[in-house]
Amino acid sequence: MKLTNPGTVPVYTVSGPSTARPLPDWLARRRKRSEKYDPETLNNFELLQEFEFEEASNCVRVSEDGNWIMSSGTYKPQFHVHSTQELSLSFSRHTKSENTTFLLLSQDYTKSIHLQNDRSLEFHTPMGLHHEVRLPRFGRDLAYIRQTTEVLIPAVGLSSDGSGLGEVFRFDLERGQFLRPWQVEIGEDEASSGLQGSIHVGAVNVATVAESTHGLCAFGTSIGTVEFFDPRSKSRVATLAVNEGEVTALDYNHDGLSLAVGTSTGQIRVFDLRNPRPLLKKDQGMGLPIKNLIHLKTPTEERKLLSADKRIIKIWDEQSGDLWTSIEPMVDINFVTHCPGSGMILTANEGKQMHSFFIPNLGLAPKWCHFLDNLVHEMENETHTETYDNYKFLTVPELKALSLSHLIGKTNLLRPYMHGYFVAAKLYDQARLIANPYIWEEERAKRIKEKIEKERSSRIRGVKKVKVNQKLADKLIQKQENREKVDAKAGILGDTRFQRLFEDEEFKVDETSHEFRALNPSTKVGEEGYQPPRNPTASDDERDADSDMDSGADSDGVVMQVTSSGAQGGRTKDTAIGSRAQKQTRTTKPRSGDIAGEKQVTFVPESKKKVRLEQPSPATKRSEGRRSASTNTFRRL
């Protein structure tokens, strides 16, 4: 239940579809489950069980005692009977053809007559189909005269006696036979038409009876006239010319002195039977045929007139002619009825669900749903704010920038509000695109930038500031990136035993040390001028040799260099396989006269004299057998 039309005369939608097109079953079930705990749908309830049809409903009526509601619809063609005492479906019954309209002949549902679109008239009782009668021509409406138990069926086409008049069939329920039909003027037909007229022949569209007063029968025709027949004299007594199109709806007032007429052009006229001039002229505003006219009375005895076409329901003040309130459903309307003595209005429409509206100013809720009065009282105490979901608020300078200022005061696309206007969102998008053709590219770049900024802000940054070992603190916090909230005191960051690790300079991690690189081989040191640590036990000769070999690795000459410097007890540097020098098993300390440094070896032939000059002196040879104490292995250990 929700407030549909707020204002001086509020209208509440108790049940009915909220969308113009019916949703698929699987989507409707999913939406029903998702809206189970929605606060906006807590006031929704099912007024009548299965108050719906598979495709559409054609007609709905309430019994005189108010305990039963009968409705017809499709597909498949069927009619339902609901019990208002139980608020549930009593039974449903299928028919052979689709129903046009029906009437309840008794005070409850036990006797009903149904006009079908296959030219048949069916009589139904609680046990089923009681009898079926075939009509000579297609019927348009039904009316019932209780004093003579006659059923009147306005029909299409010309009479069979060649008089060129339309007919209203009369069926006597007491005798069980057709009586002589009443002939009504429906205009001339084409010259070469058939026996019952051409396809464009006129018809008697609608009928009504003032059964509670004088009993006159009124029939509206396709030529815009209303003819009155007296059932006592069985003849025509008067003719009223409307001349506003075809007459499609008629309804007598409660006193029987005035008659409301609705036409196919959406015009409404109220006539006094004693005066051919209309007392009231109103336009429905849609240009569509009027489907129903109902005279209503409020609790303060004010007279109202309800008019309905397939788009909107309007209620007028019968005295002043002012619009009292209106109802505009999401689907097309086929029939409207009023629950007597209440403010409840029921509609048969094209949607799956049938509508039920409640107007508190029109009357109290029916006795079978009196709880609606309490709900309305609770909803009236709530504050309602009008929302504009499909509108954009713009000021006057912004309207001028979009070249929309010429629409001010000329269309409902601009709704004034405070210091600006609400503009339809679709119109705003079109105007903005015309004013700036590159708006979509700018919007795309803006969204990409927002997405990047959002990703950047989601990254975990160094929220823990320490004096020493900041990189270690950031690394520990980075491990919490999958958590919703970063705890800066988790682990050793909040442990007092490791407090000096982030405060004392003596505990600073030296990333350039040999031990740190051995434990963290993949860590990249960001300091400029960094060089890997040298082996502290390697000799200067080995370092020089390694640097010389690295510098000569790219040379293209034929010269081969061999390092002959002895190691001083340390392990040699691990170099490439091709440049790795053989390590001697026993090292000797070089003495004076020996070759030290690098020695060149070449394959170019040389003279023997030069070789002799390079041989060592005899003093050197005498000292070769003497072992140096400095190279003693045990001393080195």
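What follows is a guided walk through this structure, from the whole chain down to single residues.

The model is predicted, so a word on ground rules: local features need pLDDT of at least 70, side-chain atom pairs count only at pLDDT 80 or more, and totals for chains, interfaces and linings use all residues. Residues are numbered from 1 along each chain as its sequence is written, and side-chain values use heavy atoms, with hydrogens and water left out.

Let us begin with the chain as a whole. The protein chain has 34 strands and 11 helices; these are DSSP runs numbered from the N terminus, with helices being H or I of at least four residues and strands being E of at least two. Of its 637 residues, 38% are buried, where buried means under 20% relative accessible area with a 1.4 Å probe and protein chains only, exposed means over 50%, and partly exposed lies in between. Contacts are counted when heavy atoms are within 4.5 Å. Among contacts between residues at least 6 apart in sequence, 46% join residues at least 24 apart.

Now to the interior. In soluble globular proteins, nonpolar side chains tend to be buried together. A nonpolar core here is a set of buried Ala, Val, Leu, Ile, Met, Phe, Trp, Tyr and Cys residues joined through side-chain atoms within 4.5 Å. The largest such core has 31 residues, and Ile69 and Leu346 are those with the most contacts inside it. Two or more residues each come from strands S2 (11–15), S3 (56–62), S4, S5 (78–83), S7 (99–104) and S28 (344–349), and from helix H2. A second, separate core has 17 residues, including Ala143, Leu152, Val156 and Ile186. Leaving out residues up to four places away in sequence, Ile69 touches a set of residues that includes Leu48, Val60, Val81, Leu346 and Trp368.

Two of the elements named above deserve a visit. Helix H2 spans residues 371–381 and holds Met379, which is buried at a relative accessible area of 7%. Met379 and Leu3 are 376 residues apart in sequence, yet their C-alpha atoms are 8.4 Å apart in space. Strand S4 covers residues 68–74 and includes Thr74, a buried residue at 12% relative accessibility. Beyond its neighbours within four places in sequence, Thr74 contacts Phe53, Glu54, Glu55, Ala56 and Glu98.

Gly262 counts as buried because its relative accessibility is 0%. Its C-alpha atom is 5.4 Å from that of Ile290, 28 residues away along the chain. Ile290 is also among the contacts of Gly262 outside four places in sequence, together with Glu246, Val247, Thr248, Ala249, Gln267 and Leu293.

The structure holds one cavity of 30 Å³ or more. A cavity is a set of points, on a 1 Å grid over the protein atoms alone, where a 1.4 Å probe fits but cannot get out, and lining residues have an atom within 4 Å of a point. The largest cavity is lined by Met70, Phe79, Phe91, Arg93, Tyr109, Thr110, Ser112, His124 and Thr125. Strands S6 (88–94) and S9 (120–125) each supply at least two lining residues.

Finally, the UniProt annotation "domain: NUC153", from an unreviewed entry, covers residues 495–523. Over that stretch the chain is 21% helix and 0% strand, with the end C-alpha atoms 26 Å apart.

Definitions and conventions: On a 1 Å grid over the protein atoms alone, a cavity is a set of points where a 1.4 Å probe fits but cannot get out, and a pocket is an open set with protein on both sides within 12 Å along at least five of seven lines; lining residues have an atom within 4 Å of a point. Grid points are joined across faces, edges and corners, and a volume is the space filled by probe spheres set on the points. UniProt positions are given in the numbering used here, feature names are shortened, and annotations may be inferred rather than shown by experiment.
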